[in-house]
Amino acid sequence: MLRRSLALIFFGFGACHGTSSDPQAHVQASRATPAAPTVDPTTLRRAELRRDSSAIGDSALSSRDLQVRRGAARALARIADARAVELLSLALSDEDAEVVTWAAYGLGYACKGHEAKTVHALVARAVSLDDHATARAPLASPSEAIADALGRCGGTEAESTLRAWLVGPKARAEAAALALGRIATQSGKLSDATLVALLEGADRGENPLNNALYPCTRLSSFNESTKGRVRALAQKIIAAKGPGIEFAVRALGRTGDDGSAALGTLLADPQQNPNLRAEAVRELATLGAPGQRALWAAFDVAATTTPADSELVSTNYGALSALSDALAPPILSSGKKLQAFSELPLAATDSATLKRRKVHLRCDAAALLAGSNYQSARLVGCDANSDATARELGVLRAIGREKLQGSRKQAYLKLTEASDQVLREAAIGLLAEHSELAESYRVLADALSAKALGVVASAARVLARYPERAASSTEGAEAHAAPKPDSSIARALGTAYAAAREQHNIEVQSLLLDAIGALQILSSKSDVTLACSSDNPTLREHAEKSLRLLGEESRQCDKFEPSKDASVADPPWPRSLLTLETDAGNLTLELDASFAPSAVARIVALAQAGFYDGIVVHRVVPGFVVQFGDPTGDGYGGDAEPPLRCETSPIAFGLGSVGVALAGRDTGSSQLFVTLGRYPHLDGEYAFIGRAGPGWDQVAAGDRILHARVSAAP
């Protein structure tokens, strides 16, 4: 999710709280004044959804009605503009834990550009805070929210404060470790003193910090002495199978060749949790040659025999399919084992679910054995269906392993016109790796003209990153300038942007804005200028970047008119049970409208209307996430309604959390995700809407939802 970047009106405890230095003075004074006018909660909801902080007066934060104060703080935290930040600095001194939590969350989210003042205010409030204060579950406590906000702000003072908190009360110390992970993500580094404190926290006898290794997973590397200690601690935690084991697995990948070997050993151990084995695969896949050596070694051990049918429909399939996807040439294992996988028997009695999993493994293995031979009989025969996506994706991988010339080029060009959206998108994406194809501009112009928005998005992404692919010729280009884009590209970009705007697809519009800027298409500048004043923050962000590339170097897109109206919808029940009947078995989600009522209302209404019936699960990352809700099956689609406003909250995403998928702020629709592990970088970035029932770790991409039904949760 994209971070918000908003300006701040000056605030500080002296300026905003009169002359008093007591954090509670403002609240006490407000309680002594005459009763404030009644504030309608629906008005607060509407202001939140319109992103209109001017509709929320000071009286809402000084109300004697606790629910009004909470609602106002929540709305302001989600709006997070300059005026909202000024009011949130006042709300930070409230005596109610939930109000303080929302205030800290909003201040941290809108921290950019005024980090020092925000950090000072947060630290000052933390000094007077009762460490035992808790907010309504599952919201973070005030101290946890303040720690997270410090992590979002970053900087030396925030880091040193969080480092000091590592030896304080346990809950705050664990939150401080997670917040240091945010700083590591943003800056790419932590001080030596902080790393030492984290490692000491992880190695604290019978009372270690479970989150202490998390910041290590957000850094790319360490010095040699730190590598050794991180590796030793990670292996100790993994051996104990205790809390924080997932962070230990991820940290191992940053500790050099010995860490890679340790991950390979974990991956090859059938007694390890399948989700952790999938984690090991993902780490190894990012480590180049050392990672591939460990992956192939694990394949040698784990694939001693072809998997039984029962294993392919169990939780073990995720780790096996992740390993299959991660292996890359050259083959560093026995070809016989790969051959056995490529020949997994397909029986007439196989269920659709089982066959799908077998075909995936067969085609992965066949593509590896084929090398660059895209006409390999084994590869062509890995799935006999005429419209087999898995087979054709394998063929595409083989085609891309050599230059696109002669018959190979013709085979490739045919795939760029495939009727299968997923296949066509993958073929277009391959242009990023092949500069030799003179016909690139034609392929991209045709893709921009496609009705399928996912195909359009794939072309726009290539153009934004590799603008030279848009040129039909390099003739006439100055030595220091990129070749000019072909006129067909410019026309197609304008037409594609209009279509994406009509369909309310913010993600595709944003990608097209990026391409327009990268190619400096002045004929589309009016579209970019209009997007600059949109009430959607994601569009404004991309429009600002594009306008600067179009010559307006100091342009800012930070002003907009709030929506004229916002529909305040509530689901029929506070908690709803969504049951998905799939071809792989029944799955359930318990949706909780407490913190994201508009999102839950949308999902319930869609389920009641049959929207999810027939949709496939389009994305599964074993051990991480399952995502569904796109009728097009490629991740770019959704329902026909305007995008949802983000109802993000300071809530942790753990195993089985359910959230609304996003492509930037205020871009949600019908797509949901279920987490398969603990991933703190998701916390506070997505709308939390409930908990998943069992069985989600057995789902594979392509599994189909036959019918969705919804009722009040018991």
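At 5% relative accessibility, Cys532 counts as buried (buried is under 20% relative accessible area, exposed over 50%, partly exposed in between, with a 1.4 Å probe and protein chains only). The model is predicted: local features need pLDDT of at least 70, side-chain atom pairs count only at pLDDT 80 or more, and totals for chains, interfaces and linings use all residues. Residues are numbered from 1 along each chain as its sequence is written, and side-chain values use heavy atoms, with hydrogens and water left out.

## Exercise 1

Find the partner of Cys532 and describe the bond.

Step 1. Cys532 forms a disulfide with Cys557, the sulfur atoms being 2.0 Å apart; the criterion is a pair of cysteine sulfur atoms within 2.5 Å.

Step 2. The torsion about the S-S bond of Cys532 and Cys557 is about -105°, so this disulfide is left-handed.

Step 3. The pair links distant parts of the chain, 25 residues apart: Cys532 is in helix H31 (residues 525-532), and Cys557 is in the loop between helix H32 (537-549) and strand S1 (575-582). Helices (H or I, at least four residues) and strands (E, at least two) are DSSP runs, numbered from the N terminus.

Step 4. Cys557 is buried too, with a relative accessible area of 6%.

## Exercise 2

How many disulfides does the structure hold, and which handedness does the one between Cys111 and Cys153 have?

Step 1. There are 3 disulfides. With the bonded cysteines of the protein chain numbered in sequence order, the pairing reads 1-2, 3-4, 5-6.

Step 2. Cys111 is joined to Cys153, S to S 2.0 Å. The torsion about their S-S bond is about 115°, so the disulfide is right-handed.

Step 3. This pair links distant parts of the chain, 42 residues apart: Cys111 is in the loop between helix H7 (97-109) and helix H8 (115-127), while Cys153 belongs to helix H9 (residues 142-153). Both Cys111 and Cys153 are buried.

Step 4. Cys363 is joined to Cys382, again S to S 2.0 Å. Here the torsion is about 95°, so the disulfide is right-handed.

Step 5. Cys363 lies in helix H22 (residues 352-370) and Cys382 in the loop between helix H23 (377-380) and helix H24 (389-399), so the pair ties together parts that are 19 residues apart in sequence.

## Exercise 3

Give the strand order of the open sheet and identify its edges.

Step 1. The open sheet has 8 strands in the order S3-S4-S6-S5-S7-S2-S1-S8, with antiparallel pairing; two strands pair if DSSP finds at least two bridges between them.

Step 2. Strand S3 (617-621) and strand S8 (705-712) are the edge strands, each pairing on one side only.

Step 3. S3 pairs with strand S4 (residues 625-628) in the antiparallel sense over 4 bridges. Arg619 stands opposite Gln627 in S4.

## Exercise 4

Step 1. Gly264 is part of helix H16 (residues 256-268), and at 10% relative accessibility it counts as buried.

## Exercise 5

Step 1. The buried residues of helix H12 (residues 192-202) include Thr194, Leu195 and Ala197.

Step 2. Their cover includes helix H10 (156-165), helix H11 (170-187), helix H13 (214-217) and helix H14 (224-240).

How values were computed:
Contact means heavy atoms within 4.5 Å.
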